[in-house]
Amino acid sequence: MAIVTIGIDLAKNVFAVHGINEAGKPVLVKPTVARGKLLELIASLPPCTIGMEACSGAHHWARLFMTHGHTVRLMAPKFVAPYRLSGKQGKNDAADAAAICEAVQRPHMRFVPIKTVEQQGQLCIHRVRQGFIEQRTATINRIRGLLSEFGIVLPLKAATIRREAMAHLEDLPGWANTVIGDLLNEVSHLDKHVEQYDQHIEQIAKEDSRTQQLMRLPGVGPTTATAILAMIGNGHEFKCGRQFAAWLGLVPGQYSSGGKARLGHITKAGDSYMRSLLVLGARAVLNSAKNKSDSTSRWAVALAERRGYWRAIVAIAAKNARMAWASLTLGERFAMPA
C-alpha cells in the first residue's frame, strides 16, 4: 500500500524519515538521509501528510514539500515527546521520526501555522529589534555596575543612568573614563538601530490593510499588529480566539480533579515576545481607562477594582488576542470599534 503519513526528524545535515501505509505499518524507514537528498526523496513520493517538529528550518522545508503536493503539519516538540517509545527504542533520530509520524495522526493534535517567506522576513525585523533592545539594556546595566565600583550608585531608571553617567564622566579616573565613554557611545548606536527598525515596522504597517485593521484595537500599535500578522497570518490554524490566547499562554492553567475546578496562574506558553507586547498594550489601556467613558474602559476599570491590577491586565491582553484573531479570520465581516 502507498505511504500516507511521514514523520521527519529535522537536523542540520542528517535527517531521519519514517513513513507508514494505511494499515499503520512502516514502509519507509531511513534513519540517515543527507540534507541534499531529502527534497529529492520527498519529491519522488505520492502526495501524503508530512509531520515535522517546529524548529529551525521547519517552515522552509514545509514550503518546499508543499510545492510537491504534500500536506505538511508542524507541531511543537513538547507535543511529540509523549509519543516517543522510549522504553523500546530510546532517544535517537529514528525514534523521534517514528514519534512525529505517530503524533501527526492524532485527531486533536495542535499544529503550528506555517509561515510564508514574507512573514519570516517581518519576524526577522522584530527579532533583531528585540535583540538590539536587550543589548542596550545590558549595556546600561553594565554602566551602572561599573560606576558603583567608584562609589557612584544610580537608580535603575535608564534615563537617569544615561544622564548621571555623562555628568560624572570627567570625574572618573584613567581607564574608567575611557570605558564608560565607550559604553555610552555604544548605547547611542543601539538607540539609532532601534529607531531605524521602528521605522521599518511602521512602513510594514502602512503597506498592509490587515495591520491597519488590527491597529484599531485598543492597546495595539504597529509593533504588536505586525508581530501578530507575521506570526499567525490569517489565523486559520486556530478554531477560535480563545485558542489563540491559550497558544500565547494568556489563559490560566487548570488543576481540576474530582469535579472541582482549580485554576492557577497563566501558563506563559508560546512566544514570550508576542505575549509581552499584548501585556504592555493592556497596561496602556488600563492606565488611560480612568479618564474615558467607553464600554471597554469601564469594563477594564471595574475588573481592576474587583480582581486586581495584574489580573485585569492579563484579561485585557487575552481579550485583545481574541479580537485580533477575529479580525484576521473574519476580515471585513468583523466590526471593530474605531
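The protein is divided into domain 1 (5–112), domain 2 (117–207) and domain 3 (234–333). These bounds come from an automatic or database domain assignment. The centres of domain 1 and domain 3, taken over C-alpha atoms, are separated by 34 Å. The model is predicted: local features need pLDDT of at least 70, side-chain atom pairs count only at pLDDT 80 or more, and totals for chains, interfaces and linings use all residues. Residues are numbered from 1 along each chain as its sequence is written, and side-chain values use heavy atoms, with hydrogens and water left out.

The secondary structure comes to 14 helices and seven strands. Helices (H or I, at least four residues) and strands (E, at least two) are DSSP runs, numbered from the N terminus. The C-alpha trace spans about 80 × 55 × 50 Å along its principal axes. Of the 338 residues, 41% count as buried. Buried means under 20% relative accessible area, exposed over 50%, and partly exposed in between (1.4 Å probe, protein chains only). Contact means heavy atoms within 4.5 Å. Among contacts between residues at least 6 apart in sequence, 53% join residues at least 24 apart.

The largest nonpolar core has 40 residues. Such a core is a set of buried Ala, Val, Leu, Ile, Met, Phe, Trp, Tyr and Cys residues joined through side-chain atoms within 4.5 Å. I228, F244, L250, M274 and L278 have the most contacts inside this core. At least two of its residues come from each of α10 (222–232), α11 (241–247), α12 (272–289), α13 (295–307) and α14 (309–330). Helix α14 gives the most, with 12 residues. With neighbours within four places in sequence left aside, L250 is in contact with A245, I266, R275, L278, V279, V314, A317, A318 and A321.

The structure holds seven aromatic pairs. Rings of Phe, Tyr and Trp (its six-membered ring) pair if their centres lie within 6.5 Å; planes under 30 degrees apart count as stacked, over 60 as edge-to-face and the rest as tilted. The ring centres of F15 and W61 are 5.5 Å apart and their planes stand at 75 degrees, so this pair is edge-to-face. It links distant parts of the chain, since F15 is in strand β2 and W61 is in helix α2 (residues 58–66), 46 residues apart. F15 counts as buried because its relative accessibility is 0%. W61, at 7%, also counts as buried. A further pair, F238 and F244, is tilted, with 5.4 Å centre to centre and 55 degrees between the planes. Both F238 and F244 are buried. Ring pairs also link F15, W61 and F65 into a cluster.

Two charged side chains sit over rings. The criterion is NZ of Lys or CZ of Arg within 6 Å of the ring centre and within 35 degrees of the ring normal. The charged end of R73 sits over the ring of F111, 5.7 Å from its centre. K319 lies over the face of W299, at 4.6 Å from the ring centre.

V112 is placed in the loop between α5 (93–103) and α6 (117–148). V112 is buried, with a relative accessible area of 14%. Beyond neighbours within four places in sequence, V112 is in contact with A54, H59, L74, M75 and A76. The C-alpha atoms of V112 and F238 are separated by 9.4 Å, although these residues are 126 apart along the chain. E237 is found in the loop between α10 and α11. E237 is partly exposed, at 35% relative accessible area. Residues up to four places away in sequence not counted, E237 touches F111, P113 and Q243. The C-alpha atoms of E237 and K192, 45 residues apart along the chain, are separated by 37 Å.

N21 is in strand β2 (residues 14–21) and counts as buried, at 7% relative accessibility. The side chain of N21 reaches the backbone nitrogen of K25 at 3.0 Å. K268 lies in the loop between β7 (263–266) and α12. K268 counts as exposed, at 57% relative accessibility. Its phi is positive, about 55 degrees, although K268 is not a glycine. Most residues other than glycine have a negative phi.

Key:
A polar contact is a pair of N or O atoms within 3.5 Å; within protein, one must be able to donate a hydrogen and the other to accept it, and residues adjacent in sequence count only if both atoms are side-chain atoms.
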